[in-house]
Amino acid sequence: MDDEVRAVHDRGGRPDAGPIDRTEHQLEDWEHLAEGISGALSAKGIRCTDESRRAMESLPPDVYESLKYYERWIAGAEIILIEKGILTREEIDAKVAELDQRWGAG
Amino acid sequence: MTARFQRGDRVRVRANGQRGHIRTPGYVRGKTGWIEAVHGEFRNPESLAYGGDGLPKRALYLVAFDQADLWGRRYRGAEGDRLTVDIFEHWLDPVGGDND
């Protein structure tokens, strides 16, 4: 197995993986929204589960590690939507900037 | 296609350095286990992940491993502990008889 290249998500048995955080927490609104949007993309036939996983796994390892679970879902959805020509990176960034302004996020 | 392996057959997981969207965990690649159950045939996620149709369908198995075979001395659990993983047929080679 030493020759095997293990992608960032392939964590089982990694000596540096650390213990699993088993803390339960209430999902926040944005997490429900992420789940809902992902479900809608599937229901519309825009992407399947394996595409979604592949998109998340293609994130640079340091980005993957820094994101929360549902942030990875969102990042994966963005990759798929851009890949399929449904949205552009510029459109997504512009919308995020607009929402930041409206909600006063820094 | 029909399943090549049956319950109880010994198999070795391929360790071919394959990249891409693979569902075979790194910690079982190159390891030997046995077929615990035949799940049936499913479309191939390695193709589905890139917008393909996933056909032809591939046989999927529940493959069991001795924990000690996977982790060696790092494993501190009970003797006889096993771990099971879903693995597609194209990742498995037969083990046993004259070849083992």
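In this predicted model, helix H1 (residues 29-43) and helix H4 (residues 69-83) of chain A have axes that come within 9 Å and cross at roughly 35°. Helices here are DSSP runs of H or I with at least four residues, numbered from the N terminus, while axes are lines fitted to C-alpha atoms over the stretch in contact, with angles running from 0 to 180 degrees between N-to-C directions. The crossing of H1(A) with H4(A) is left-handed, a label used if the near helix is turned anticlockwise from the far one by less than a right angle. H1(A) contributes Glu31(A), Ala34(A), Ile37(A), Ser38(A) and Leu41(A), and H4(A) brings Tyr70(A), Trp73(A), Ile74(A) and Ala77(A); contact means C-beta atoms, placed from the backbone, within 7 Å. These residues divide into 7 nonpolar, 1 polar and 1 charged (nonpolar: Ala, Val, Leu, Ile, Met, Phe, Trp, Tyr, Cys and Pro; charged: Asp, Glu, Lys and Arg; polar: the others, Gly among them).

Turning to helix H2 (residues 49-57) of chain A, Ala55(A) has its place there. Ala55(A) counts as buried because it has 23 C-beta neighbours inside 10 Å, the cut-off being 20 or more. Leaving aside residues up to four places away in sequence, Ala55(A) touches Gly76(A), Ile79(A) and Ile80(A).

Between the chains, the contact takes 14 residues from chain A and 15 residues from chain B. On the chain A side, 9 are charged, 3 nonpolar and 2 polar.

Residues are numbered from 1 along each chain as its sequence is written, and chains are lettered from A and ligands numbered from 1 in the order in which they are written. In this predicted model, local features need pLDDT of at least 70 and side-chain atom pairs count only at pLDDT 80 or more, whereas totals for chains, interfaces and linings use all residues.

Conventions: Contact = placed C-beta atoms within 7 Å. Helix = DSSP H or I, 4+ residues; strand = E, 2+ residues; numbered from the N terminus. Buried ≥ 20, exposed ≤ 12 C-beta atoms within 10 Å, placed from the backbone.
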